Amino acid sequence: MAGNITFTMIKPDAVGNGYTGKIINDFIEGGFSIRAMKYIHLTKDQAGAFYAVHKERPFYNDLVEFMTSGPIVAAVLEKDNAVTDFRTLIGATNPAEAAEGTIRNKYAKSIDANAVHGSDSDENAQIEASFFFSAIERF
Ligand code: CMP
């Protein structure tokens, strides 16, 4: 059965460009409710640990650098079929390939500065939500 939560970050490019409010509005208009949310400037160690799954990828160092270049907004969102529906709402990882009207199509500039993160599986949604929020913050 599909899970009902996903984890997202509004990335430094979108926060810095003043899109936080518009993007949160898109989450809500997309049918998601906010279960937890925090504004935080990640350290290199924190960003490196969050993206450890990509450690061997050629873009890892740039990714950590970018994700620590400014504050982010991290959130746990709830909806039936959350992971899949959220990935549809945000569009393809590369904004050049993101469908018209998706969040990355509207607010992202490049595959690095792609405005938002979204979990890619129910299992990772739980892991990522737990990375940022304690159990008590998610109720
Ligand atoms: P995100 O969903 O946060 O997960 C990993 C991030 O790495 C991804 O979004 C992109 O912003 C970034 N990235 C940079 N280059 C690539 C690439 N070639 N493939 C996938 N992700 C990439």
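On a 1 Å grid over the protein atoms alone, a pocket is an open set of points where a 1.4 Å probe fits, with protein on both sides within 12 Å along at least five of seven lines, and a molecule sits in a pocket if more than half of its atoms lie within 2 Å of its grid points. By these rules the ligand sits in the largest pocket. This is a predicted model, in which local features need pLDDT of at least 70, side-chain atom pairs count only at pLDDT 80 or more, and totals for chains, interfaces and linings use all residues. Residues are numbered from 1 along each chain as its sequence is written, and side-chain values use heavy atoms, with hydrogens and water left out.

The ligand is surrounded (a heavy atom of the residue within 4 Å) by residues including K11, Y51, F59, R104 and D112.

| Residue | Protein atom | Distance to a ligand oxygen |
|---|---|---|
| I111 | polar backbone atom | 2.6 Å |
| H117 | side-chain N or O atom | 2.9 Å |
| N114 | polar side-chain atom | 3.3 Å |

Taken alone the ligand exposes 460 Å², of which the protein buries 79%, with areas from the Shrake-Rupley method and a 1.4 Å probe.

Aromatic rings pair if their centres lie within 6.5 Å, and planes over 60 degrees apart count as edge-to-face; the count comes to nine aromatic pairs. The rings of F50 and F132 form an edge-to-face pair, because their centres are 5.6 Å apart and their planes stand at 65 degrees.

Methods. Polar contact = N/O pair within 3.5 Å; in protein donor to acceptor, adjacent residues only side chain to side chain. 1 Å grid on protein atoms, 1.4 Å probe; cavity = no way out; pocket = protein on both sides within 12 Å on 5 of 7 lines; lining within 4 Å. Phe/Tyr/Trp six-rings, centres within 6.5 Å; stacked < 30°, edge-to-face > 60°.
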